[in-house]
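Work through the exercises below with the sequence and the model open. Try each task before reading its solution.

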Amino acid sequence: MEYIDLFPKKVLFIDLSTRKWWTETREDLFENYLGGTGVATKLLEENLDPNCDPLSPDNVIIFATGPLNALYPVVSKTVAMFKSPHTGNIGESHCGGRTSAAFRLTGYGAVVIKGKSDIPVYLVISPNKVAFRDARSIWGMRSTYTVGKIIRRAERGAGIRTIMRIGRAGEKMVTYSSVVAESYRHFGRLGLGAVFGSKNLKAIVVEGSGSIKIPEAFRRSYNKTYKKIYDLEVNSDLMKKYHDLGTPANILNLNKRGALPSYNLKSTTYPFAEELSGEKMASDYLGRRLACSHCPVACIHLGILRESYENEPYFYKTTYVSYDYELIYSCGTMLGIKNGHDLLKVIDAIEVAGLDAMSGGVVLAWITEAFEKGIISEKETLNATPKWGEADEYVKIIENIVEQPNDFYKLAARGVESLSDYYGGKDFALAFGKNEMPGYHTGYAAHLGWTLGARHSHLDNAGYSIDQKLKEIPSPEELVDKIIEEECWRQLLTSLAICLFARGIYKPEIVAEAFNSLGKNLDEEQLRNFGRKIYAFKYHLKQKLGFSFDKLRIPERIFETPSMHGKLEKSYIDKALKYAADKIQGIIKQHLK
């Protein structure tokens, strides 16, 4: 067995155009940017032409893990970075499953993929080797599940392995297509699947057969810290909800508080919330739970979708479908879906095609309302009838978004911003920075959070969580300060590739102890400074790629529908954004001298 470095030092470069690969030792990179988000952002800046078309060979794909991956529990994420075809700016997506352990145990801290293959290929990455395989026989295959099965049988490597692949949505370059790993985990948001497709890259197999040896001098301290973190995860209440009901536990709570977006945010309470609740899904549909590598929590909940074959009433196909809060929101409450069976049917159609479920659901919601208002008709939808609660119609529309048989569906494959640019209906086109809205209408912090967030994601800073803890509304300046402070700390956590579900465990003192136990002395203030510096550098790159506060659009719908804190005022949002623009510029100047 090959032992790899305790902390990452090497970057693997792959050129699809020439089918060459090489490695570089970059201790400076990992010392200054740690790993994950930090390293990926720096490598993107070094290797990307900011003016390139995101779907051209000049775009690059970066994967990066963190220095604590494969060493401590729930440090289970891989960060992908690229220029997003969906927004034209930073694309950043995180995936769990076996991805981080597999990448880490190849000995590479990061991978940079350039160019475009002349034919469809998939890559096999293992320690000291990269293989280029012909993927023409699996290009165009209907289901991402089937693609995974075929590659698994063809590649019989040992060790911890991940198979990351795209579906037909990625091949057709739908700008919000995903990359699927292990069938139930995803690099979901912002269109990494389309970038794969543009490069004729069908899949990546990563075989991590190396091992990390803890130096004798640190074994006692490492074991002590490991046990402390493990005990917090399995014996405290900090992670219990993720195991029991998972994030769907939020459904009834948010519905009760008037914060659950429904019917394209025409409402924030949902009459069928009980039927789609975490409790109902667990009692009637839950088939099993899964965990990512090196995680004892098992937060992945798989529902059982049981469907009869046509003309064979007593023969059934049974499919496991992963569900969580965001999918119940986007494919359920936003579409008026009334029961778990129809919810799983819509999610499964999105999974098979390889679409991001959050953007996909919001696109379907916009199409439904636009059809209802007469902005579009069956001429555009090709006789599909989008109607709240009609799962079978949504499945037809999903298929058409992937295949793009007319100009309407070509626009739908680019998201609600493109649809509303052409057809109107901008007021109810729920996108922020061109990225479709996550599942919370909790108040100002939620919408400011994904407007200001470096990748316009709810996980950038969890503004929705800040809203739920507020007893009264602070000034716009105070709220922006809270949002940015949280996002700076999350840059540190995602640079270490820690699952954000474990953020309540990996507090600054625990992160410092995890490093110190391995002989790398970092105190809490140093860790916070890493987060601030990475945040500043990411925003600096974001501006190089064309981001401007002057170009931001806030959908009118968020001011029309009351949140859990009542109706939102435009003047508050305007004041907050003006302050944020100056504040962020100050952070960039301070940390990028």
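**Exercise 1. Charge**

How many positive and how many negative side chains does the chain have, and how far apart do the centres of the two sets lie?

Solution. Note that the model is predicted. Start with the positive side chains: there are 78. The negative side chains number 71.

**Exercise 2. Overall build**

Describe the fold of the chain as a whole, from its elements to its surface.

Solution. Begin with secondary structure: the chain has 25 helices and 19 strands. Next, take the radius of gyration, which is 23 Å. The globule rule gives 25 Å for 593 residues, so the chain is as compact as a globular protein of that length. Along the principal axes, the C-alpha atoms fill a box of roughly 70 × 60 × 50 Å.

Then look at burial. Of the 593 residues, 63% are buried. Turn to contacts with a separation of 6 or more: 69% of them join residues 24 or more positions apart. Finish with the accessible surface, about 22,000 Å². Carbon and sulfur atoms hold 47% of that surface.

**Exercise 3. The nonpolar cores**

Which residues of the largest nonpolar core touch the most other members?

Solution. The largest core holds 101 residues. Those that touch the most other members are Leu355, Trp366, Ile367, Ile401, Leu419, Leu448 and Leu479. Now ask which helix gives the most to this core: α14, residues 357–372, with nine residues.

Take Leu419 as a worked case. Set aside residues up to four places away in sequence. Leu419 then touches Val363, Trp366 and Ile367, along with Phe408, Leu411, Ala412 and Gly424.

There is also a second, separate core of 43 residues. Among its members are Leu105, Val297, Leu492 and Tyr506. For background, nonpolar side chains tend to be buried together in soluble globular proteins.

**Exercise 4. Positive phi**

Find where Glu182 and Ala497 sit, and decide whether each is buried or exposed.

Solution. Take Glu182. Its phi is near 50°, positive in a residue other than glycine. Glu182 lies in the loop between β11 (179–181) and β12 (185–187). Its relative accessibility is 15%; the cut-off for buried is under 20%. Glu182 therefore counts as buried.

Now Ala497. Its phi is about 60°, again positive in a residue that is not a glycine. The loop between α21 and α22 (508–516) holds Ala497. At 1% relative accessibility, Ala497 counts as buried.

**Exercise 5. A loop proline**

What is Pro120 in contact with, leaving aside its neighbours within four places in sequence?

Solution. First place Pro120: the loop between β7 (108–114) and β8 (121–126). With 13% relative accessibility, Pro120 counts as buried. Its contacts are Arg133, Asp134, Ala135, Arg136, Trp139 and Asn200. Then compare sequence with space. Pro120 and Leu201 are 81 residues apart in sequence, yet 5.8 Å apart from C-alpha to C-alpha.

Methods: Residues are numbered from 1 along each chain as its sequence is written. This is a predicted model: local features need pLDDT of at least 70, side-chain atom pairs count only at pLDDT 80 or more; totals for chains, interfaces and linings use all residues. Side-chain values use heavy atoms; hydrogens and water are left out. Helices (H or I, at least four residues) and strands (E, at least two) are DSSP runs, numbered from the N terminus. The radius of gyration is taken over C-alpha atoms; the globule rule is 2.2 Å times the number of residues to the power 0.38. Buried means under 20% relative accessible area, exposed over 50%, partly exposed in between (1.4 Å probe, protein chains only). Contact means heavy atoms within 4.5 Å. Accessible areas come from the Shrake-Rupley method with a 1.4 Å probe; for residues, only the protein chains shown count as cover. Lys and Arg count as positive and Asp and Glu as negative; His and the chain ends are not counted. The place of a charge is taken as NZ of Lys, CZ of Arg, CG of Asp or CD of Glu. A nonpolar core is a set of buried Ala, Val, Leu, Ile, Met, Phe, Trp, Tyr and Cys residues joined through side-chain atoms within 4.5 Å.
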